Amino acid sequence: MWWCVCRLARLGCRNRPFYRVMAADSRSPRDGKHIEVLGYYNPLPGQDGGKRMGLNFDRVKYWLSVGAQPSDPVQRLLFRAGLLPPPPMVVMGRKGGPRDTRPVDPCSGRVLMPEEPAKATTESLDV
């Protein structure tokens with residue numbers, strides 16, 4: 001019996017990695033035969049300083065619904081995109097301190113900050 005997994009396949013050259021998110025047979029090698037390309041992930045910061053990620057959400061949801069198991073790196077990417085709940089280690093925290101669980105924009109890789117209302121400042125005027 002074989003299993004379907006969602007994992008990263010490494011492309012690019014030395015010291016310049018680029019990854020594709022793949023749906024693949026669990027028996028195939030990392031960069032080998034795949035079933036479908038689900039998206040990409042570029043861990044190198046762009047000109048704006050953010051990491052780039054693009055996913056086909058419909059196909060990712062389909063493969064997860066039919067039983068595909070995401071690898072740990074793909075699980076973290078899907079958590080940042082908002083498709084999966086946080087992995088157990090993110091919820092528990094780690095030895096080095098609490099993990100960052102803020103949502104990340106899937107296109108730019110930047111942390112999405114909730115907009116805070118402008119604070120009314122009261123200045124005392126001495127007459």
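**View 1. Pro-103 in the segment after α3.** At 46% relative accessibility, Pro-103 counts as partly exposed, because that class lies between buried, under 20% relative accessible area, and exposed, over 50% (1.4 Å probe, protein chains only). Pro-103 belongs to the segment that follows α3 (88–92); helices (H or I, at least four residues) and strands (E, at least two) are DSSP runs numbered from the N terminus.

**View 2. Confidence along the predicted model.** This is a predicted model, in which local features need pLDDT of at least 70 and side-chain atom pairs count only at pLDDT 80 or more, while totals for chains, interfaces and linings use all residues. Residues are numbered from 1 along each chain as its sequence is written, and side-chain values use heavy atoms, with hydrogens and water left out. The protein has a mean pLDDT (the predictor's confidence in each residue, from 0 to 100) of 75, and 70% of its residues reach 70 or more. Confidence is lowest in α3, with a mean of 55, and highest in strand β3 (residues 36–42), at 88.

View 3. Five strands form an open sheet in the order β4-β3-β2-β1-β5, with mixed pairing; two strands pair if DSSP finds at least two bridges between them. Because β4 and β5 (69–70) stand at the edges with a single partner strand each, one side of each has no neighbour in the sheet. The pairing of β2 with β3 is antiparallel, over 5 bridges, and Val-21 stands opposite Gly-39 in β3. Helix α1 packs on the sheet and touches β1, β2, β3, β4 and β5 (contact: heavy atoms within 4.5 Å); its direction makes about 120° with that of β3. Helix α2 also packs on the sheet, touching β1, β2, β3, β4 and β5, at about 95° to the direction of β1. Axes are lines fitted to C-alpha atoms, for helices over the stretch in contact, and angles run from 0 to 180 degrees between N-to-C directions.

**View 4. The largest nonpolar core.** The core has 16 residues, and Cys-6, Val-21, Leu-38, Met-53, Leu-55, Trp-63 and Val-74 have the most contacts inside it. A nonpolar core is a set of buried Ala, Val, Leu, Ile, Met, Phe, Trp, Tyr and Cys residues joined through side-chain atoms within 4.5 Å. The largest share, 4 residues, comes from α2.

**View 5. Glu-36 in strand β3.** Glu-36 is placed in strand β3. Its side chain makes a polar contact of 2.8 Å with that of Trp-63.

Definitions and conventions. Polar contact = N/O pair within 3.5 Å; in protein donor to acceptor, adjacent residues only side chain to side chain.
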